Amino acid sequence: MADITVKNLAKVVGTTAEKLVLQLKDAGVKVKDESSSLSEADKMKLLAHLRESHGKAKVEISGPKKVTLKRRSVTELKQGRGRGKPTGTVSIEVRKKKTAGRSAEEIATGLSAEEIEAAKKAADEHEKLVAEKEQVREKEQSRLQKNKQDEFDKKVQAVADDDAKAQVKLELEQAEKEASTKPAEKPVAAAPSDAKSKDPARKADKKKGGGKSKPTFQGREKLHVASSRGGRRKKKPHRASSVRIEAGDEHGFNAPTEKITYEVEIAETIMVSELAQKMNIKAGEVIKVLMGLGTMATINQALDQDTAVIIVEEMGHTPVLKSADDIQEKMISEVVESGAEEMPRGPVVTIMGHVDHGKTSLLDYIRKSRVAAGESGGITQHIGAYRVKQGDSMVTFIDTPGHAAFTAMRARGAQMTDLVILVVAADDGVMQQTKEAVEHSRAAGVPMIVAVNKMDKEGVQPDKVKNELAAIEVTPEDWGGDTQFVHVSALTGDGVNELLEAIALQAELLELKAPVDAAAVGAVVESRLDKGRGAIATILVQKGTLRVGDYIVAGESHGRIKAMFDEHGKTVKEAGPSVPVEVLGLSSTTEAGVEVYGAKSERKVREIAEFRQNKTKLARQAKQQAAKLEQAFSQMEEGDVSVMNVVVKADVHGSLEALKDSLTQLSTDEVKVSIVASGVGGINESDVNLASASDAIIIGFNVRADASARRVIENRGVSVRYYSIIYDVIDDVRDALSGLLAPDIKEKIVGIADVRDVFHSPKLGAIAGCMVTEGFVKRDLPIRVLRESVVIFEGQLESLRRFKDDVQDVKSGMECGIGVKNYNDVKEGDQIEVFDRIEVKRKL
């Protein structure tokens with residue numbers, strides 16, 4: 001074969017010409033550059049050099065006689081030689097013809113020599129892996145066959161009779177004796193197939209129950225072979241497979257056999273989702289039980305305690321009834337501190353009485369200020385708390401409204417006080433709110449002092465006041481009772497000092513004490529919303545000390561005290577028992593009268609507030625759910641009821657509560673006041689949008705609309721009314737409701753005509769010739785036909801004529817012809833009564 005250049009050889013072997021030139025020079029072949037020619041001997045020399053450089057033994061390579069180009073590749077394979085024998089390494093040398101620079105295999109596959117070699121290695125490994133898997137499969141099949149044989153043998157052994165069992169036992173003993181006399185080496189030479197089937201032979205031998213010993217597949221010699229070859233490892237019984245065979249397609253998880261019973265705590269109201277969570281089940285299961293009981297419910301619906309108990313018992317659990325008050329008391333007990341030393345404190349005095357009897361004027365004289373002048377209309381519409389120095393102590397006065405609308409505020413004032421001063425005007429005597437104040441005082445268990453006011457007026461009779469109070473069991477001391485009576489004049493100040501002395505004497509008898517170095521406990525006197533400062537609450541501290549920075553909870557709101565102010569608006573750092581203060585920092589306005597608890601931890605006050613919020617939410621949901629069906633039935637029974645929608649905004653929470661109660665009480669069976677929304681603070685844009693959507697009027701009590709709200713009011717035409725006196729609100733709403741009432745229809749007889757004769761007209765039928773005896777007869781008014789003073793027809797006049805002329809009316813003493821529409825049975829002697837229907841407006 002012709003010589004090949006270095007460049008062509010580099011292409012054949014897959015390397016660069018420069019590298020091949022270097023390798024040839026290292027091998028001792030004289031070449032100049034890549035265009036140099038190489039003989040067959042040069043290539044053999046290069047191959048020998050490369051083998052030595054790769055650590056191979058030097059092999060004498062003789063060149064072939066013929067000049068041919070060949071490509072050699074040497075592969076080493078590991079070869080297994082059976083069990084227990086070491087593995088060997090075999091070198092395989094592959095020689096391929098060179099055809100146009102590439103082998104036939106490379107041309108056929110399109111791959112390089114290295115890729116072909118890697119593919120062969122991967123194929124060898126794959127074949128090896130397949131062989132291993134085949135061995136594993138064969139072992140698994142033999143194991144399963146053995147387990148099936150074992151199961152079959154057990155069944156055979158279970159049904160065999162006693163004689164067969166005895167025979168099997170005898171043959172087994174005989175087989176053991178024979179096996180003991182034979183040498184141990186003889187069965188070793190048995191065929192491998194016999195050794196593999198030793199266990200089936202043993203089982204089959206037991207199954208036959210007796211047979212001749214023969215070296216077959218079921219021969220006893222095989223049994224002996226298995227027992228005597230102690231050096232060979234025995235196969236352990238595979239328990240997992242037997243379990244799988246018995247279980248079939250069942251999964252491996254076993255459900256608890258015994259049902260778990262929970263003790264479920266149930267409060268007064270509980271949501272479906274919460275109840276399901278406590279029983280560790282899905283909410284759908286609870287809803288199914290409810291449907292079975294005939295109640296349709298959703299996952300977020302609130303259930304009452306009785307229904308929840310039935311569901312828990314139905315599902316096999318134990319209900320534990322818990323009152324929301326008990327849970328709340330437990331939470332509060334963690335906040336309230338006990339064991340602090342009690343110190344004397346000043347009395348808290350509430351002034352109560354009928355409207356315009358001079359309560360605020362009396363307090364005004366005591367405080368030397370003009371409180372009454374600042375109240376709209378001269379009546380108190382808030383609870384005011386003030387302090388006055390009397391002797392060595394400070395007396396806290398709480399002024400309550402006397403108007404009927406503020407009943408709840410007076411009740412709260414009586415509950416947070418130590419002493420009640422009942423103000424009665426000497427000229428008016430005992431009125432409705434006076435009696436109500438006495439009832440509030442008795443309900444709270446608070447002692448009372450009666451101040452007979454307006455003694456400066458002429459002709460007053462204080463003894464009349466004593467008689468009227470004695471009638472409701474308020475007996476004066478000079479009449480043998482236990483109630484102090486003091487005659488005062490708020491205008492001149494007469495008797496005010498005596499009243500203060502009576503207060504001091506009563507407080508001394510009560511021996512008022514309270515702990516000082518403890519967390520504060522008090523009550524909300526009033527709550528309002530300030531645009532610049534947020535929610536503001538007037539708090540009367542009853543126990544402990546309230547400090548700036550303390551965390552407090554009041555009703556459903558909580559927060560940290562940012563600032564405190566006294567009744568004069570001055571900043572204070574702390575407030576002790578019997579001290580009223582204004583507090584900034586609550587999350588929202590709260591109801592007046594709720595208790596206030598101070599704490600050092602924010603977490604505790606937040607827990608109490610959130611618990612109360614959740615309780616209120618559940619109660620509201622339960623109430624709404626129960627009211628839906630009742631409302632539907634009531635609407636069906638009542639028919640069309642006129643509804644007046646109202647949005648109420650007030651300056652303080654107490655006035656808002658009084659307004660809502662008063663407006664709701666105006667509702668009747670025919671007209672109803674629906675309070676769409678209410679709140680404390682100014683009228684904002686959202687209030688106007690709500691009123692526009694619900695076709696409601698907005699009532700602003702001592703509040704005004706802001707700039708954005710006024711623009712929306714003008715654009716949408718929403719009716720907004722501002723008030724500062726509660727009388728005016730109630731009167732205006734009452735008048736508006738009266739306009740919604742259907743008017744009363746009254747009938748008024750305007751004339752009577754006697755029928756003197758009857759004429760028949762071909763066009764009009766019977767025409768009654770009448771004489772008007774009373775009033776007048778008018779064409780458009782309805783009539784009745786009376787025969788012997790009994791109404792026999794009611795209808796309309798069809799025609800009214802005097803002589804031959806149509807007229808509109810005929811007065812008394814004149815004759816006329818009357819045609820009755822759709823009635824021709826008029827007879828002589830009948831009477832025609834003409835009447836008119838008049839609408840009369842109704843009032844509430």
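Is tyrosine 823 buried or exposed?

What we have here is a predicted model, where local features need pLDDT of at least 70 and side-chain atom pairs count only at pLDDT 80 or more, while totals for chains, interfaces and linings use all residues. Residues are numbered from 1 along each chain as its sequence is written, and side-chain values use heavy atoms, with hydrogens and water left out.

Now, back to tyrosine 823: this residue is buried, with a relative accessible area of 13%. Buried means under 20% relative accessible area, exposed means over 50%, and partly exposed is in between, using a 1.4 Å probe and protein chains only. Across the chain, buried residues make up 39% of the 844 residues.

Tyrosine 823 also has a partner. Searching the whole structure turns up one aromatic pair, and its members are phenylalanine 793 and tyrosine 823, stacked at 4.5 Å centre to centre with 15 degrees between the planes. Rings of Phe, Tyr and Trp (its six-membered ring) pair if their centres lie within 6.5 Å; planes under 30 degrees apart count as stacked, over 60 as edge-to-face and the rest as tilted. Phenylalanine 793 is in strand β33 (residues 790-802), and tyrosine 823 is in the loop between β36 (815-820) and β37 (831-840), so the pair ties together parts 30 residues apart in sequence. Helices (H or I, at least four residues) and strands (E, at least two) are DSSP runs, numbered from the N terminus. The chain has 25 helices and 37 strands.

The charged end of arginine 784 sits over the ring of phenylalanine 835, 3.9 Å from its centre.

Next, please find helix α25, residues 726-740. In α25, the buried residues are Ile726, Val729, Ile730, Val733, Leu737 and Ser738. Looking down the axis, they fall within an arc of 165 degrees, so they line one face of the helix; that arc is of the directions from the helix axis to the C-beta atoms. Exposed residues Asp735 and Gly739 are on the face turned away from the buried side. Among the elements covering the buried residues are β26 (642-650) and α22 (653-664).

My last stop is histidine 357. Where does histidine 357 lie? It is in the loop between β10 (348-353) and α15 (359-367), and it is buried, with a relative accessible area of 0%. Its side chain makes a polar contact with the side chain of aspartate 428 (3.4 Å). A polar contact is a pair of N or O atoms within 3.5 Å; within protein, one must be able to donate a hydrogen and the other to accept it, and residues adjacent in sequence count only if both atoms are side-chain atoms. Leaving aside neighbours within four places in sequence, histidine 357 is in contact (heavy atoms within 4.5 Å) with residues including Val423, Met431 and Lys454.

Most residues other than glycine have a negative phi. Lysine 454 is placed in the loop between β14 (448-453) and α19 (462-471).

Notes. Lys NZ or Arg CZ within 6 Å of the ring centre and 35° of its normal.
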